[in-house]
Amino acid sequence: MRDDRPAGTGVLIVTLLLAALLEVVPLPDAANWVRPEWMLLVLVYWVLILPRRVGVLWGFFVGLYMDVLTGTTLGQWGLGFSLGAFIMLLAYKRMRVFTVLQQCAVIFLLVGSVSLLAYLVQEAVGRTLYPPYTILYSSLASAIVWRPVCALLRWVQLRFIVR
């Protein structure tokens, strides 16, 4: 009898937990502005590879976990990650055929949009913790590390047969 359950949900969760660990690793103040959005990158990769399994709901719950993890306004990253997952669901077919430079540009814009939305939520509740131009730094860092993250997660996907 064939088992039709999806394989690899545990692997997805472990990769997101490892990304969460990278989100909270202490960095010097000067380097903290250029920290890539690790959880968003991992989420975007899984949405890109498994669009029928990982989507907006995954983005919302991963974002809520990020809210709790970083102590920000509850729902701020949930809203942002949902938006990021939705945009990637709309564009995953195109993203798969883009060149490396085009993918990095899309990731720059996607991370920038999500971070801007999170900043606007912070501004609305009066808890602005950083100047708005720092969004560009983390977006650029995320775009730079996109390809190594893809290569690592592709290896994980093939090694653990995530489908």
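Trainee: What makes the crossing of H1 and H3 right-handed rather than left-handed?

Mentor: A crossing is left-handed if the near helix is turned anticlockwise from the far one by less than a right angle, and right-handed if clockwise; the crossing of H1 and H3 is of the right-handed kind. Please keep in mind that this is a predicted model, in which local features need pLDDT of at least 70 and side-chain atom pairs count only at pLDDT 80 or more, while totals for chains, interfaces and linings use all residues. Residues are numbered from 1 along each chain as its sequence is written, and side-chain values use heavy atoms, with hydrogens and water left out.

Trainee: Why is H1 called roughly antiparallel to H3?

Mentor: Helix H1 (residues 9-24) and helix H3 (residues 38-49) pack at an angle of about 155 degrees, with their axes 7 Å apart. Angles under 35 degrees count as roughly parallel, over 145 as roughly antiparallel, 65 to 115 as roughly perpendicular and the rest as oblique, and therefore H1 is roughly antiparallel to H3. The axes are lines fitted to C-alpha atoms, for helices over the stretch in contact, with angles running from 0 to 180 degrees between N-to-C directions; the helices themselves are DSSP runs (H or I, at least four residues), numbered from the N terminus.

Trainee: Which residues of H1 and H3 meet?

Mentor: Contact means heavy atoms within 4.5 Å, and on the H1 side Leu12, Thr15, Leu16, Ala19, Ala20, Leu22 and Glu23 meet Trp38, Met39, Val42, Leu43 and Trp46 in H3.

Trainee: How do you know that H5 and H6 are roughly antiparallel or roughly parallel?

Mentor: Their axes come within 9 Å and cross at roughly 160 degrees, so H5 and H6 are roughly antiparallel to each other. The crossing of H5 and H6 is right-handed.

Trainee: What makes alanine 143 buried or exposed?

Mentor: Alanine 143 has a relative accessibility of 6%, so it counts as buried. This residue, alanine 143, lies in helix H7 (residues 134-159), and, leaving aside neighbours within four places in sequence, alanine 143 is in contact with Cys104, Ile107 and Phe108.

Trainee: What makes a set of residues a nonpolar core, and how many residues has the largest one?

Mentor: A nonpolar core is a set of buried Ala, Val, Leu, Ile, Met, Phe, Trp, Tyr and Cys residues joined through side-chain atoms within 4.5 Å. The largest nonpolar core has 40 residues, and those with the most contacts inside it are Leu43, Trp46, Phe81 and Trp146. H3 gives the most to this core, with 11 residues.

Conventions
Helices (H or I, at least four residues) and strands (E, at least two) are DSSP runs, numbered from the N terminus. Buried means under 20% relative accessible area, exposed over 50%, partly exposed in between (1.4 Å probe, protein chains only).
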